[in-house]
Amino acid sequence: MPKIKPETKVLIIKNLKSKSPAEVADIFNVSKRQVERIHKRYQETGDVHDRPRSGKPHKTTAREDSLLVRQSKASPMSTASQLQEEWTPARLLAMVSTVVLLPRNQR
């Protein structure tokens, strides 16, 4: 089942003020149970956003993940050790900040 965006959850809560959960479920093409859960969470927390999940945080960013996927697709026969050796310089490259060049009179 696809995840419901927070913006849609806010609209669901607003519609529940004048409509039944079944009607709102039909409008947003979700199950009545999902509408009821969203409403219950809103009543408990006053917010429609998902709660933080437990677990270990990611060590890489989404950008670094896509870079690693690109590298592994470029050389599909590489081992994990070889990709790790190639990864370190590439990771540093992805983290380099942008340099702004100023005109000569501002230097």
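Okay, housekeeping before the picture. Numbering starts from 1 along each chain as its sequence is written, and side-chain values use heavy atoms, with hydrogens and water left out. The model being predicted, local features need pLDDT of at least 70 and side-chain atom pairs count only at pLDDT 80 or more, while totals for chains, interfaces and linings use all residues.

So, the fold. We've got five helices and zero strands, and reading along the sequence gives α-α-α-α-α. Helices here are DSSP runs of H or I with at least four residues, strands are runs of E with at least two, and both are numbered from the N terminus.

How much of the chain is buried? Of 107 residues, 18% count as buried, meaning under 20% relative accessible area; exposed is over 50%, and partly exposed sits in between, with a 1.4 Å probe and protein chains only. The accessible surface is about 9,200 Å², and 55% of that belongs to carbon and sulfur atoms. That's Shrake-Rupley with a 1.4 Å probe. As for contacts (heavy atoms within 4.5 Å), take those between residues at least 6 apart in sequence: 37% join residues at least 24 apart.

Closest to its centre, out of 14 lining residues, are Lys-9, Arg-37, Ile-38, Arg-41 and Asp-50. A pocket, on a 1 Å grid over the protein atoms alone, is an open set of points where a 1.4 Å probe fits, with protein on both sides within 12 Å along at least five of seven lines; lining residues have an atom within 4 Å of a point.

By type, the lining divides into three nonpolar, one polar and 10 charged, where charged means Asp, Glu, Lys and Arg.

Asn-15 lies in helix H1, residues 6-16, and is buried, at 17% relative accessible area. Leaving aside residues up to four places away in sequence, Asn-15 touches Val-24 and Phe-28.

Ser-72, over in helix H4 (residues 62-74), is partly exposed at 28%. The Ser-72 side chain reaches the backbone oxygen of Val-69 at 2.8 Å. And the C-alpha atoms of Ser-72 and Trp-87, 15 residues apart along the chain, are separated by 10.0 Å.

Note on methods:
Polar contact = N/O pair within 3.5 Å; in protein donor to acceptor, adjacent residues only side chain to side chain.
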